[in-house]
Structure formats: structure tokens, C-alpha cells
Amino acid sequence: MDTSLISTLSADTVAALGTTLCVWAHPDDESYLGAGLLAALHAADRHTAVVTATLGEAGLSGPAPRPGFADLPPPSRADELAAALRRLGVSDHHQLGFADGGCADVDLTTGAAAVQRVVSAVRPDTVVTFGLDGFTGHPDHVAVGLWTRRALRDLGWRGRLLHPVLTADDRAAGREIADLFGVYSLGEPRICEPAELAVRLELSGDLLDRKLGALRAHHSQTAVLVDYLGVERYSAWVGVESFVDAALRA
């Protein structure tokens with residue numbers, strides 16, 4: 001693995017995560033919150049698996065079709081997700097099939113059982129999912145994090161659990177963009193001190209290219225942002241990923 005691609009994360013740290021399962025709510029969560037980590041794990045020859053609770057169908061409302069394109073089918077977020085995962089070297093994907101925007105209404109036992117089946121099949125050393133903040137406060141995010149922690153507790157799992165977070169400096173650096181697009185309109189992410197972080201990636205080179213490729217594969221969700229911000233500014237905004245160790249009781 002080319003450690004020059006990672007600023008503050010060693011190849012040994014990546015390899016130590018072992019088989020890693022990422023449990024998210026919507027297509028593009030895996031790319032925004034952990035594409036760099038997935039790409040780094042793939043480069044370290046570690047097995048990665050991704051769970052997506054919904055197909056993100058509520059996120060397909062957009063502008064009217066352009067002239068001459070009215071007969072084209074709407075974009076498929078499942079196809080976008082498949083393309084993004086290919087760019088990250090992930091071939092083990094599990095779709096839970098819950099309704100976008102409806103995860104908070106799913107009984108906790110039902111949601112946890114769905115995640116539990118995947119955990120039992122993958123047998124991960126590390127699980128990555130939302131903390132209680134849901135990173136953006138989205139109810140689907142919060143619910144999926146709760147399902148995952150319940151599933152791991154019920155299984156008596158003894159691996160490593162990671163949650164995505166921001167540092168105060170990272171939040172400040174991205175505040176203008178996040179506020180412009182209402183990223184945290186439902187709730188703020190957990191803010192941690194650098195010393196609290198278990199894993200931090202400052203992406204460049206191939207890993208950043210892979211993350212950008214995965215995000216751009218989610219064309220229905222990212223094209224407007226990339227076009228508005230420009231690739232350089234967008235890259236700087238998405239080019240850092242931070243995670244903290246979490247307890248199952250949280």
C-alpha cells in the first residue's frame with residue numbers, strides 16, 4: 001500500500017481494522033462518509049462489505065427533464081451505488097430494502113434483525129456506522145445506527161465499532177458549503193478533539209481520486225454540487241474522514 005497517499009493514517013492502522021462492514025442508510029452515505037477508508041482497506045487487501053438500508057428513492061426528485069431527454073428513464077440510485085462501490089473495490093453489498101425516509105418508523109427489533117443477518121454472514125472485525133447524532137441528524141441515519149448497535153449487542157460481538165465525526169477545524173473549514181446546501185439542517189455532527197480520533201484520513205493522490213470517482217458515480221446527488229463548487233473546492237470539502245471508537249452502549 002502506498003502510504004504517501006494518506007497524511008495521518010498508516011498502512012498498519014488500516015490493516016489492523018481487518019474485515020470491515022460499513023452500515024449506512026442511503027446510497028452515497030458510503031461515499032461521503034467513508035469512501036477513502038473503503039479504498040484504503042481495499043489497497044491493504046482487507047475484505048470490505050457495505051450495507052445500504054434504503055435505495056434513496058426519496059432523493060430522486062430534481063429539476064424537470066431537459067428538452068429532448070423527457071423520454072429517458074429516471075436515474076437509478078441502485079445503479080449509481082453499484083458504480084460507486086466498483087470504484088472503491090467493494091463487491092460485497094447488502095441491500096436491506098427499507099423505505100427511504102421511513103427507517104425511524106421501523107421497529108427496532110426488525111431493523112436490528114436485518115443488520116444482524118449481515119453481521120453474521122460477514123463476520124467483521126470492524127463495523128462502521130452512524131453514532132447517535134446520525135452525522136447530519138437525518139432520522140434514517142439515527143435509526144440505522146441504533147439498529148446496528150442493537151444487532152451487535154444481541155450477537156455478543158466483540159469487534160471494533162467506529163462512528164464518523166468531525167473536528168472543530170474541519171467543521172469550520174466546511175461551514176460555508178454545508179450551510180449553503182443545508183447539509184446539517186436536521187442536526188450537527190459530533191465534534192471531537194484530534195486526540196480523540198481513532199482513524200483520520202487526509203486524502204490525496206489515488207485515494208482522493210477514488211473517493212471523487214465514487215461520489216461522481218452518484219450523479220443524481222452530486223452533479224449540482226460539483227458543478228457549482230468546482231472540482232478543487234469540492235475535493236477539499238470531502239477530502240478528510242475522521243472516526244472515533246464507540247461503545248455498544250452508546
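The exercises below, each with a worked solution, concern a predicted model of a protein.

**Exercise 1. The overall make-up**

Find how many helices and strands the protein has, and what share of its residues counts as buried.

Solution. Start with the secondary structure: the protein contains 10 helices and 8 strands. Next, take burial: 50% of the 250 residues count as buried. Last, look at contacts between residues at least 6 apart in sequence: 83% of these join residues at least 24 apart.

**Exercise 2. Two helix pairs**

Describe how α8 and α9 are arranged, and how α2 and α3 pack.

Solution. Two packed helices are described by the angle between their axes and the distance between the axes.

For the pair α8 (residues 205–217) and α9 (residues 219–229), the axes come within 6 Å and cross at roughly 115°. Angles of 65 to 115 degrees count as roughly perpendicular, and α8 and α9 are therefore roughly perpendicular to each other. From α8, the contact uses Leu215, Arg216 and Ala217; from α9, it uses His219, Thr222 and Val226. Sorted by class, the contact of α8 with α9 has 3 nonpolar, 2 polar and 1 charged residues.

For the pair α2 (residues 29–43) and α3 (residues 77–88), the axes are 9 Å apart at an angle of about 35°. On the α2 side are Glu30, Ser31, Ala35, Leu38, Ala39 and His42, and they meet Leu81, Ala84, Leu85 and Leu88 of α3. Sorted by class, the contact of α2 with α3 has 7 nonpolar, 2 polar and 1 charged residues.

**Exercise 3. The surroundings of Ser242**

Decide whether Ser242 is buried or exposed, and state which residue its side chain joins in a polar contact.

Solution. First place the residue: Ser242 belongs to strand β8, residues 240–245. Its relative accessible area is 4%, and buried means under 20%, so Ser242 is buried. The side chain of Ser242 makes a polar contact of 2.9 Å with the side chain of Arg200. With neighbours within four places in sequence left aside, the contacts of Ser242 are His163, Pro164, Val165, Asp170, Leu197, Val199 and Arg200.

**Exercise 4. The surroundings of Asp29**

Work out which backbone nitrogen the side chain of Asp29 reaches, and how many residues separate Asp29 and His141 in sequence.

Solution. Asp29 is part of helix α2, and Asp29 counts as buried at 5% relative accessibility. The side chain of Asp29 reaches the backbone nitrogen of His26 at 2.7 Å. In sequence, Asp29 and His141 are 112 residues apart, while their C-alpha atoms are 9.2 Å apart in space. Beyond the neighbours within four places in sequence, Asp29 contacts Trp24, Gly34, Phe130 and His141.

Definitions and conventions. Residues are numbered from 1 along each chain as its sequence is written. This is a predicted model: local features need pLDDT of at least 70, side-chain atom pairs count only at pLDDT 80 or more; totals for chains, interfaces and linings use all residues. Side-chain values use heavy atoms; hydrogens and water are left out. Axes are lines fitted to C-alpha atoms, for helices over the stretch in contact, and angles run from 0 to 180 degrees between N-to-C directions. Helices (H or I, at least four residues) and strands (E, at least two) are DSSP runs, numbered from the N terminus. Angles under 35 degrees count as roughly parallel, over 145 as roughly antiparallel, 65 to 115 as roughly perpendicular and the rest as oblique. Contact means heavy atoms within 4.5 Å. Ala, Val, Leu, Ile, Met, Phe, Trp, Tyr, Cys and Pro count as nonpolar, Asp, Glu, Lys and Arg as charged, and the others, Gly among them, as polar. Buried means under 20% relative accessible area, exposed over 50%, partly exposed in between (1.4 Å probe, protein chains only). A polar contact is a pair of N or O atoms within 3.5 Å; within protein, one must be able to donate a hydrogen and the other to accept it, and residues adjacent in sequence count only if both atoms are side-chain atoms.
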